[in-house]
Amino acid sequence: MPAMIRSALVLAAASQATGLQAGRRAPPLRRAPLSQPLFATGHELTGPELSGTSIYDAIKEVPVYAASDGGRTPHDLGSLWGRDEVVVLVFFRSFGCPFCQELALTLARDVIPTLGAAGVKLVAVGIGTGTRAVELCEHLSFPTANLFADPTNEAYGYLGFMKDAAKTFFDARTPLAIAERIRRDGAKDLLASFGRWKPWTPPRLDQGYQQGGCFVFQGENAIYGYKDPATGAHADLNKIVGIALASQRTLRVHAKTHHPPLLAEGVATNASTD
């Protein structure tokens, strides 16, 4: 089974790296990319890397297209949650990545309901057109209110997410991540993803090498971040949910006592690198 999945991964990566959507062009960037990414390449982002609002400020004006309105209207990414809200912000590689379709299945079934019950938002962003975002929601029964398209991968560039052919095709952490899925539950969601996989290609050739990541924000402050080091090597969703729920509890306590909101203590500095 692992060999079968690894073979499918190579085909998936090759499809995304070499294909183009006929007749579709991504709109140009509204701003030039940062001369230096916010973070060096790594896994978890903690402590000083998350201080202040620099992450939010870098991406707040990035236009994303909502699946909920058919992908027709751009929205500033920073407008999707308020200063008194906690949000989990997930970045897929692209809508045609089988590992991202697997992640979408897991988020829709396990994570979005849990976070929503506690009043925490989840915003998922993928590389592709607004129309493709709608198609992914239809294909995987993913809630349209939670999915947005970044056709130019502008936010990915500002955040310094990994973008490398070797990491896409040959990094050892990809088969290790697959092995962990097999150990945990027989890789049921990954197998389900491959069984109904839609190999949609991103708007540009080089976007096939782009990796994603995940952040937790309390208002404009990032309290946790994770940059995928290789294809399929995603953040620990249990940890993400735990951090988000702890932050939400902190906000509620301070709201009841009429104090200004404080950052959830310890959630960023106590995280350990996977």
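The model is predicted, so local features need pLDDT of at least 70 and side-chain atom pairs count only at pLDDT 80 or more, while totals for chains, interfaces and linings use all residues. Residues are numbered from 1 along each chain as its sequence is written, and side-chain values use heavy atoms, with hydrogens and water left out.

The protein chain has nine helices and eight strands, which are DSSP runs (helices H or I, at least four residues; strands E, at least two) numbered from the N terminus. Of its 274 residues, 53% count as buried, meaning under 20% relative accessible area with a 1.4 Å probe, protein chains only.

Two of the helices lie alongside each other, as the table shows.

| Helix | Residues in the contact |
|---|---|
| Helix 3 (residues 98-117) | L103, T106, L107, V111, T114 and L115 |
| Helix 9 (residues 237-256) | L237, V241, A244 and L245 |

Contact here means heavy atoms within 4.5 Å. The axes of helix 3 and helix 9, which are lines fitted to C-alpha atoms over the stretch in contact, come within 11 Å and cross at roughly 25°. Helix 3 and helix 9 are therefore roughly parallel to each other, a term for angles under 35 degrees.

L136 is found in helix 4 (residues 130-140), and at 1% relative accessibility L136 counts as buried. Leaving aside its neighbours within four places in sequence, L136 is in contact with residues including F95, Q101 and W200. L136 and Q101 are 35 residues apart in sequence, yet their C-alpha atoms are 8.1 Å apart in space.

Terms used: Buried means under 20% relative accessible area, exposed over 50%, partly exposed in between (1.4 Å probe, protein chains only). Axes are lines fitted to C-alpha atoms, for helices over the stretch in contact, and angles run from 0 to 180 degrees between N-to-C directions. Angles under 35 degrees count as roughly parallel, over 145 as roughly antiparallel, 65 to 115 as roughly perpendicular and the rest as oblique.
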